[in-house]
Amino acid sequence: MEKKLNYKTQCKKIGFSETAHLRSHKYTQTSEKSHCDICGKLFNRKNIAVHKRSHTGEKPYQCDICGKTFSQSCAVIKHKRTHTGDKPYRCDICGKSFSESHNLSRHKRVHTGEKPFCCQICGTSFTLNHHLTRHKHTHTGGKPYQCVTCGKSFSQNVHLTKHKRIHTGEKPYCCVTCGKSFSRNDQLTNHIRTHTGERPYHCDTCGKSFSENSSLIKHSHIHHSKLIP
């Protein structure tokens, strides 16, 4: 007699410990599969209807708070947490909470030191996949993010976002003390020190302090350059 496979035991061995995820995984292993008649990709019967919405644009699930629509019911559940502030996934080490389970998984690497994403060129490892992607550009020289206004390219999307403000004039960082706005957060940080008087950058030679690192560098070159070996 053929021995029946214990999916609960076998699947837990490969990391499916949560009941809901285990049920979903078991379904993908045992259910019949069908091809999408639009693109030909293979899915189990439960997921093929959801997949087809990527072709049709259908979004039958609506947020009853803001009206935004989604193609999957799980997506609207996650979205509602942006309104309610619900964070059901809690780190059992430090107590920090998250609205989505994958964010908790990434956070736990802060405690464990796990860095599962490794550069095949130099061997440097990273906790997040997008950090590895960004790092790879240092080897390839790739600058995939291009400004549609002037054509300048950047290795990181965050740098492109900052650059675009040169063209748009957007200044999203506002001083709560005087109302002055800035295009970059570091500019706002430096400006706030004009109100607080904070001078965190100290000259090791004469002890003079500055509110900006660039001012310290300039000071060192002018007054102490002859002392630098």
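## A tour around helix 3

Of the 229 residues in the protein, 19% are buried, where buried means under 20% relative accessible area, exposed over 50%, and partly exposed in between, with a 1.4 Å probe and protein chains only. This is a predicted model, in which local features need pLDDT of at least 70 and side-chain atom pairs count only at pLDDT 80 or more, while totals for chains, interfaces and linings use all residues. Residues are numbered from 1 along each chain as its sequence is written, and side-chain values use heavy atoms, with hydrogens and water left out.

**The whole chain.** Colour the model by secondary structure, and you will find nine helices and 14 strands; helices (H or I, at least four residues) and strands (E, at least two) are DSSP runs, numbered from the N terminus. Among contacts (heavy atoms within 4.5 Å) between residues at least 6 apart in sequence, 0% join residues at least 24 apart.

**Helix 3.** Now select residues 45-56, which form helix 3. Its 12 residues should span 16 Å at 1.5 Å a residue, and the 18 Å between its end C-alpha atoms agrees with this, the expected span being 1.5 Å times one less than the number of residues. Just after the helix, Gly57 takes a positive phi of about 80 degrees.

**The buried residues.** Show the side chains of Ile48, His51 and Arg53, which are buried in helix 3. The cover over the buried residues of this helix includes strand 1 (33-35), strand 2 (42-44) and strand 3 (61-62).

**Arg53.** Finally, centre the view on Arg53: why does this residue count as buried? Arg53 counts as buried because its relative accessibility is 15%. Leaving aside neighbours within four places in sequence, Arg53 is in contact with Glu58, Pro60, Tyr61 and Ser71. The side chain of Arg53 also reaches the backbone oxygen of Ser71 at 2.6 Å, a polar contact being a pair of N or O atoms within 3.5 Å, where within protein one must be able to donate a hydrogen and the other to accept it, and residues adjacent in sequence count only if both atoms are side-chain atoms.
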